[in-house]
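Please open the structure in the viewer and follow the selections in the order given below.

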Amino acid sequence: MKKMVKFGLAALMGASMLVGCSSSKPAAEETASKTDAEQVVENGKLVVGVTDFAPMDYKDENGNWIGFDADLATAFAKDLGIDVEIIEIDWDNKILELNNKSVDCIWNGMTLTDEVKSSMECSNAYCNNAQVVIVNKDVADKYKDTESLKDLTFAVEAGSAGEEQAIAYELNYTAVQNQANALMEVAAGTSDAAIIDSLMAAAMVGEGTGYEQLTYTVGLNAEEYGVGFRKGSDLAAKLNDFFKKCYEDGTLKEIAEKYGVQASLIEMK
Amino acid sequence: METFLQQLPTVLHALNIGFLQTLKLFIATLVGAIPLGLLICFGSTSKYKIISGFFNIIIWIVRGTPLMIQLLIIYYFPGLVLHNPVWGGSETGRFMASALAFIVNYACYFSEIFRGGIQGISVGQDEAGLVLGMSKVEIFVHVKLLQMIKRILPPMSNEILTLVKDTSLARIIALQEVIWAGQSFMKGSQGISGEIWPLFFTAFYYLVCNGILTVVLNRLEKKLEFFR
């Protein structure tokens with residue numbers, strides 16, 4: 001008898017768990033009927049997923065997020081009439097973070113690759129970028145064109161635009177965790193060269209940086225930065241309008257000059 | 001050397017903030033996993049097959065899969081599959097998800113240690129207690145509990161020291177614990193980039209923390225030596 005009671009209780013618990021799950025469904029559908037922009041405004045904050053990536057997103061001495069992208073995101077949220085919350089994420093998980101709704105957009109000097117465009121709702125490009133080759137200063141003279149790169153071993157960020165270039169040029173490369181690790185590989189001598197973003201190279205390599213012994217030589221391709229939202233989000237269109245407005249009234253240029261990226265800015269039409 | 005001294009305060013500040021997260025996760029896990037482990041232990045040793053079977057399957061799944069994957073599932077499953085992002089994106093949400101994953105994971109390991117501790121006590125003590133007219137709960141609390149604690153202390157110490165280091169796994173869902181903080185200076189943060197020594201520094205934090213824990217746990221073990 002006792003056994004029966006226990007079994008009954010267990011079954012009841014299981015059933016109530018199922019009910020608990022199914023009752024949460026209508027709530028999810030309810031939120032789905034709102035557009036992404038409406039939902040974000042209702043939440044009262046735009047959650048921006050970033051990584052520590054000077055000069056786009058980085059922390060000042062007080063631990064506040066600053067940078068070209070961080071300031072732009074703050075201005076965009078203000079334009080929507082809401083607050084901004086900047087959250088550091090693992091770059092590998094950026095699409096997961098978006099779809100998980102733990103962040104509302106990825107705004108972090110993101111190259112608009114085919115993969116990015118197919119998995120996110122992207123804004124118009126706002127910044128130019130290139131993939132450049134990083135080598136040690138003392139051998140830089142030997143590698144001035146793409147033909148000379150064939151004998152080098154490369155380190156590139158896995159899944160990055162740099163890796164795409166390495167494949168396109170049929171270079172001998174190792175995929176590492178991120179662009180910074182790629183630089184470390186060159187500094188440590190475990191790889192001869194790395195391929196990283198030109199904006200990052202400008203900030204991290206050469207005189208007065210952590211990598212004074214390195215320099216960049218060949219530019220492999222031209223590409224553009226954009227902001228990524230959840231697939232189907234209407235926020236991308238809203239941001240495009242905002243970009244246009246800011247470009248016309250000069251705020252975009254003003255912020256760009258503050259972080260020294262004005263030369264890379266794209267005209268917004 | 002000069003730049004090192006200039007960078008040191010910035011790095012230590014960042015590591016301190018990171019280590020605070022590590023400590024918080026460690027303490028939350030211990031506080032949650034010890035009672036939950038005891039509960040699972042009772043469940044898995046239940047004389048009702050259906051209950052013990054249920055808990056044994058849970059223990060098998062949790063101990064048989066990597067904690068890193070459990071972290072990813074607990075954090076991303078609600079939003080991606082159920083479309084109900086219960087955790088939110090903030091640091092607090094990430095901490096709560098990590099704490100849940102660690103508590104469940106460690107509770108399952110603890111429960112097996114507890115089981116060993118309880119089953120190692122001779123049946124004679126149960127029988128003696130019953131003869132004296134004690135209830136099962138009384139026998140557990142007044143007779144067996146302290147003996148169990150004494151027996152499980154060495155294996156528990158092992159798990160506790162491992163837990164301190166395992167907390168670093170939470171960085172997979174971007175919980176900014178001490179290793180995340182140290183590694184950020186490799187990637188470039190607050191004007192310091194391409195430096196590996198901050199990451200090596202994090203090792204000292206673990207070393208000191210585990211040193212203190214070892215002393216405390218050894219003392220506790222000594223205290224319990226008055227009976228065998």
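The tour passes from the chain interface to the domains and then to one residue.

Bear in mind throughout that this is a predicted model.

**The interface between the chains.** Begin by displaying chains A and B together: 32 residues of chain A are in contact with 27 residues of chain B. Next, select helix H1 (2-33), strand S2 (58-59), strand S4 (83-88), helix H4 (94-99) and helix H7 (179-188) of chain A, each of which supplies at least two residues of the side that touches chain B. Within this side, H1(A) provides the largest share, seven residues.

**The domains of chain A.** Where they touch, 10 residues of domain 1 are in contact with nine residues of domain 2. On the side of domain 1 that touches domain 2, five residues are nonpolar, four are polar and one is charged.

**A single residue.** Finally, centre on Thr217(A), which is located in strand S11 (residues 214-229) of chain A. Setting aside neighbours within four places in sequence, select the contacts of Thr217(A): Val133(A), Val135(A), Ala140(A), Tyr143(A) and Lys144(A). To end, draw a distance from Thr217(A) to Ile266(A), 49 residues apart along the chain; their C-alpha atoms are separated by 23 Å.

Note on methods: Residues numbered from 1 in each chain as written. Chains lettered and ligands numbered in written order. Predicted model: local features only at pLDDT ≥ 70, side-chain atom pairs only at ≥ 80, totals over all residues. Contact = placed C-beta atoms within 7 Å. Helix = DSSP H or I, 4+ residues; strand = E, 2+ residues; numbered from the N terminus. Nonpolar A, V, L, I, M, F, W, Y, C, P; charged D, E, K, R; others polar.
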